[in-house]
Amino acid sequence: EEAANIWKQLFENANVDPSGRIFYYGVDENWWSRSGEPKDMPAGEPGGPDSEVFFDFYPEQGPIGKDLKIYSHNGRLLEIGNSVFMQYQKQADGSFKELPQKNVDFGGGLERLLAAVENQQDMFQTNLFSPIIQIIEKQTEKDYKSYAQEMRIVTDHLIAATFVSANGVSPSNKEQGYILRRLIRRGLDGFYKLNGKDILPVLESIVEQYKDTDPNLVSLFEKIKYTLLQEEKTYKQTLTQAKKYIIKQSNLEINISEKVKVNEGLKAITKISPDDAFILYTTHGLSPTQIKSLGYEFDEQEFAKKMEEHQALSRKGAEQKFKGGLADTQEKTIMGHTATHLLHQALRDVLGNKVHQTGSNITTERVRFDFNYDQKLTDEQIKEVEKIVNEKIRENLPVHFEMLPLEEAKKIGAIGLFDEKYGDKVKVYFIGGGPSARASTDLSRMSSRRPYSAEFCGGPHVDFTQRLKRFKIIKQENIGHGQRRIYAKVND
């Protein structure tokens, strides 16, 4: 009622008749919580009523009836904003009490506002998106009117991929890199469905459209182009390998380079097991939709069960990440943890200070260390890194930590996970030197007692490096554009 009165006053102040402009709805339409309607909310969850704002493209058609859904579906109305009044909390007995601190959570769509300003029902036909759509039409020789959904998917996903890659993310099989990979591949799926061949003009059009508000896209365009085109190359190889895998599993006598045959609108479908579908998902990175688009069908319920098991394992892996990548706190795992600090610094010594750790996983059996580097390490570089680490082990350097203000830790050159977030005060582990080793605010100017390594870390570690005895690199892998992985062992 309070919101309705405010709206009424706003209309009157603007000399607009509020009648026929304010509508009341129940909790099925005008209530927001993470779980939906009040009856579905668990105890403790906050929520509240909301006030949705719509733009009318055809006011000349007369008054709007109470069922706004009809007008939303036929394109006359477009929701451009929503104010959620977060004022209630669900109680264990099903009742609601008012929150001690209330707030208005406003959500507004920038592109939708642009559509309203331009009086354009389709936001993809506004002056922000239409030039990109036109390039897609040209590259695919298809018209937007007949293929709107596919062209919207291509536009939306490649715009997102452009901005994500511009912010330093590379496609990979985990975390932000995995999201970028999915964005690119979803955009490519739509582009290929339209028989598109070259996405480069589309990427150029995206940068052209956003260059005034985001000039960094221009300066980073070569990097963006390389990232997306390399991922396209990888994706094509993935599709080929996926087909080879299925052919091998099913002993299918077909030409894998031949496109799936289409006859009178029907695709030739091959039935595969949910196990094979899951391998295509986990090993080849293909989503269920992509697997089906290749002409393969599988038991989706069985696939979903395997997905649940996989996600449970992933959650456990995520918990390990926040423990510094340690699988446990056994003595040999802790030795491996200290070895990663030596390895990190040794890699920077050999490859340069642009190298940063991007992840790790440490067990009693081995050390797994991920870092940003876009080339395979030579045998000589591997030997040099091993040599440095083993030298530091033989020197029996002391290992200790200090709690430091974040800014001071940065000044002394302490390094850490490239994308990690830190608090105002951090724990820094030093290998070599002593408490007085950080007397200078610049590691490069410290005395002979300066540490070999200074790194943000929560621990635990050994007290002296000689406890590691020996360090050996087992192998290296490429885990995505611009990232590599090293496997190593200690104390063998």
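Visitor: How many bridges join strand β2 to strand β3, and in which direction do the two run?

Guide: In this predicted model, nine bridges join β2, residues 46–56, to β3, residues 77–90, and the two strands run antiparallel. Strands count as paired if there are at least two bridges between them, so β2 and β3 meet that condition with their nine. Within this pairing, D50 stands opposite V84 of β3.

Visitor: What makes β1 and β4 edge strands?

Guide: The open sheet has four strands in the order β1-β2-β3-β4, and β1 (31–32) and β4 (96–108) each pair on one side only.

Visitor: Why is K392 called buried?

Guide: Buried means a relative accessible area under 20%, and K392, at 16%, therefore counts as buried. K392 is found in helix α14, residues 379–394, and, leaving aside its neighbours within four places in sequence, is in contact with L342, L397, Y452 and T465.

Visitor: Why is the pair of F401 and Y429 called tilted?

Guide: The structure holds 11 aromatic pairs. In the pair of F401 and Y429, the ring centres are 5.4 Å apart and the planes stand at 45°; planes under 30 degrees apart would count as stacked and over 60 as edge-to-face, so this pair is tilted. Because F401 lies in strand β11 and Y429 in strand β12, the pair ties together parts that are 28 residues apart in sequence.

Note on methods
Residues numbered from 1 in each chain as written. Predicted model: local features only at pLDDT ≥ 70, side-chain atom pairs only at ≥ 80, totals over all residues. Heavy atoms only, no water. Buried < 20%, exposed > 50% of the residue type's maximum accessible area, 1.4 Å probe, protein only. Contact = heavy atoms within 4.5 Å. Phe/Tyr/Trp six-rings, centres within 6.5 Å; stacked < 30°, edge-to-face > 60°.
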